[in-house]
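Thanks for asking me to look this over. Here are my notes, in the order in which I would go through the model with you.

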Amino acid sequence: MLSHTSFPNILLFLIINLSNHARQLTRVMLVQVALPVPLYRVFDYSVSTDASALPTPVLPEIGSRVEVSFGRQTLIGIVIAHINEADSSVPINKLKPINQCLDDAPILDELMLTLASWLARYYHYPLGDVLSVMLPTLIRQGKPLDLLITHWRILANVNDDDFHANANKQKQQFNMLKLHGKHGASEEVLLLEGMQRSFLTTLEDKGLIERYIQPKTAPKPVSLAKMPLDLNNEQKIAVDAILEAHSAGRYSGFLLNGITGSGKTEVYLQAMQAVLEAGQQVLILVPEIGLTPQTRARFASRFAAQIVLLHSGMSNTYRMQGWQDCRTGHAQIIIGTRSAVLYPFANLGLIIVDEAHDASYKQQDTLRYHAADVALYRGLQYRIPVVLGTATPTLEHLKLVHDGKLIECQLRTRAGSAKLATMQLIDARLQPTHQQPQDDGARYDTGLTDKLIGAIRQTLEAGDQVLIFLNRRGYAPVLLCEACGWQADCPRCDAHLTVHYSNQAHYHSYLKCHHCDWQAYIPAVCPDCGSQNLDAKGMGTTRLSENLHAIFANPQTSKNLYPIIQIDRDTTRRKDSWEKIYQQINQGKPAILVGTQMVAKGHHFPNVTLVCLPNADRGFLSADFRSPEHTAQLMIQVAGRAGRGDKVGHVLIQTLQPDNPLLLKLVKDGYLPFAQELLQERKMMGLPPYSHAALIRCEGKTLAATTQALKDAISLLPAAHNLAVLGPIDAPMSKKNSRYHSQLLLLAKDRNQLHHVLNQWWQPVLALPNVKYLKLTLDIDPVGW
Ligand SMILES: Nc1ncnc2c1ncn2[C@@H]1O[C@H](COP(=O)(O)OP(=O)(O)OP(=O)(O)O)[C@@H](O)[C@H]1O
Ligand SMILES: [Zn+2]
């Protein structure tokens, strides 16, 4: 029996329960979504406001993709938080529902989301845009993760008798699939072969074929394909230090500072071995150009493992597959350029950044991250060692060693029997360059001194190879009218047009801007004064190769005595051209290699015993304070290609400034003492790495507008900001592609101080009224300007 007092209690119970039930039906669940829009905020969406929605809406998990309406667009974003109604700044009835959730499970784990928000904070870049830089295109577009591993196969006991007489096309497509046997083929392959997706689904609907996901079997444990070398003492110290950190499960940043040819790769390989044997993944970053077929071979010849290569030239599908393989742990060794550092990893145990000084690790647009810095951050995240390997460490990395933030391991001698090449200067002021006679008796300047030519000849006659480094492709950097001084300039840039000229094929002759790709015919007469006296001034790799042909041709037959192999972006553009060049060089026969900075990086040409730098030292005269550092790195890297085999190597530097103190220091004392001296200079001047820099670039239709915008920006700086403000000034090449550029440099003694100011200042700057007609970008820790 109910007492009179219990009645209201029951009522209350019922009311509460009913209203709970009703709320459950109409409960509004909120998610915060990062969207690829240039706004420094995230957006709230509801999951469903429709109580009758069936099946009951599931709250999309943090780290999964959702499709939403944004203004009039439909965008794909990442859920970064679940929030309560009360936490949203938007009234509940104004919130839009998400259109759909694209993933059942998160595609980004907590570490990846933490990485994204660190990148957004450190580089002052919107979170949604950071995430779109991190994700491969197809994932950004919302494609299902398993899209590319969809396979199709014919169903057992179906055959082509099952087709209707007039279903010819279906039958033909069915037979195409049948050719692939019982496992069928991936959809990507079938579409490439000419099958149509609509037919696949029709055949599927008819119960003739089926789609399936080919299961990725867990990769086999890594095994050794070749025995490791016996390490020398310094190599062993380095491997032990790296592995000690690895087995302690501790983050440690290492600077593997080893001269060229000292066997850094062997250190990587032996450290990798232990990590791979422990069942973990290894990420190896290589510079943009360093990713040749040889890169993979170096690792594949040592380990039987699942190796994944990642670089920007790969198809979207392949990149997405690679991304998935990293995330699931299917990939055991991952070799990639810059962006691979932003990939997700199931079980990462070691990161190696090869040639860590290389400028291509810095992304120069959108999110301007530095892959070596991000690698260190990720090492910290995963509590694993990170190895920065180089023969020419950046001043930033040397300072980190000095501050105790990187552990330095030095390799001071060449591995095996090779000796470090000797370096010698040739004073081109005392020795005029060689004048080559022409058929008509006139002579032309070859740009090479007789001493240099003599050394090249001697090397070739001894059966060795010569490498000549010239960091300028094309025929000549300037076309000049001898009569009036007119020069062929790019109409769109502050730059001369490069002469591309070939005396073999006339259609290969044209003028081209190396900054915006503008092209023009070579004029027959000067457009200003009509003179026919047009002359190509200076020397690019093509001209140098032609001069070498002339110098080293057999005088009787004019045939080449030695092959001259030109290696630059023009000659290696075709896909397999590097491979062919490699094969030719590795035959080991005497030859002259003429190359731009493409040859500086990590190549191992055992028969090159002479390296010549006819004018590499010009960079010591540049106005950019980083130029001496970059010039020296390049020179040492190129010089490092000499004498890597059994024979001793020589390096000859032909210069017009043989008493330049920087050049002398580098040649006499080597890179590290040179770098220490530069560090002292930077310290005295308060320049990075003794200060922290942010570079603001402004691009617009006129210099007046870009300069004014930066002046307006300065006026917004908080009072007592304590930063050094340099500018606004015109950017080094202020007109590029018909757009004008100004810049402003902020320097702070302390990193936190810089970020503190940027946190308050940068977004108001972007909101300045004039900025909408301009492009304003912020570059943290810029590497050049
Ligand atoms: N411990 C060793 N014993 C004998 N040979 C070795 C040893 N370590 C490395 N080598 C050999 O020395 C050569 C140069 O090594 P490697 O290419 O790794 O140098 P590196 O330091 O990466 O040079 P770079 O910076 O110029 O690319 C290779 O042929 C390698 O096989
Ligand atoms: Zn141009």
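The points below cover conventions, the ligand shell, the nonpolar cores, the annotated cysteines and some backbone details.

1. Conventions. Please bear in mind that this is a predicted model, in which local features need pLDDT of at least 70, side-chain atom pairs count only at pLDDT 80 or more, and totals for chains, interfaces and linings use all residues. Residues are numbered from 1 along each chain as its sequence is written, while chains are lettered from A and ligands numbered from 1 in the order in which they are written.

2. The ligand shell. Ligand 1 has 19 residues around it, and those that come nearest are Thr-260, Gly-263, Thr-265, Ala-415 and Gly-416 (a residue is near if its C-beta atom, placed from the backbone, lies within 6 Å). By type, the shell holds 12 polar, 4 nonpolar and 3 charged residues; here Ala, Val, Leu, Ile, Met, Phe, Trp, Tyr, Cys and Pro count as nonpolar, Asp, Glu, Lys and Arg as charged, and the others, Gly among them, as polar. Helix 9 (residues 264-277) gives the most to this shell, with 3 residues; helices are DSSP runs of H or I with at least four residues, strands are E runs of at least two, and both are numbered from the N terminus.

3. Where the ligand sits. Ligand 1 lies between domain 3 (223-411) and domain 4 (422-472 + 541-681), because both give residues to its shell. The domain bounds come from an automatic or database assignment.

4. The nonpolar cores. The largest core has 184 residues, and Val-33, Phe-254, Leu-285, Ile-334, Ala-375, Val-387 and Val-611 have the most contacts inside it. Helix 9 supplies the largest share of this core, 7 residues. A second, separate core of 10 residues includes Trp-152, Leu-190, Met-195 and Leu-200. A core is a set of buried Ala, Val, Leu, Ile, Met, Phe, Trp, Tyr and Cys residues joined through C-beta atoms within 7 Å. Buried means 20 or more other C-beta atoms within 10 Å of a residue's own, exposed 12 or fewer, and partly exposed in between, with C-beta atoms placed from the backbone.

5. The annotated cysteines. An unreviewed UniProt entry lists Cys-481, Cys-484, Cys-526 and Cys-529 under "binding site"; its positions follow the numbering used here, feature names are shortened, and annotations may be inferred rather than shown by experiment. The four are spread over 49 residues of sequence, yet they cluster in space, with a largest C-alpha distance of 8.6 Å. Cys-481 is found in strand 22 (residues 478-481) and counts as buried, with 21 C-beta neighbours inside 10 Å. Beyond four places in sequence, its contacts include Cys-526 and Cys-529 (contact means C-beta atoms, placed from the backbone, within 7 Å). Cys-526 is in the loop between strand 25 (519-520) and strand 26 (534-537).

6. Backbone details. Most residues other than glycine have a negative phi, and most peptide bonds are trans. Pro-688 to Pro-689 is a cis bond with omega near 10 degrees, and Gly-727 and Pro-728 are joined by another cis bond, with omega about 5 degrees. Asn-722 has a positive phi near 65 degrees and counts as exposed, with 12 C-beta neighbours inside 10 Å. Asp-781 also has a positive phi, near 50 degrees, but counts as buried, with 20 such neighbours.

Terms used. Contact = placed C-beta atoms within 7 Å.
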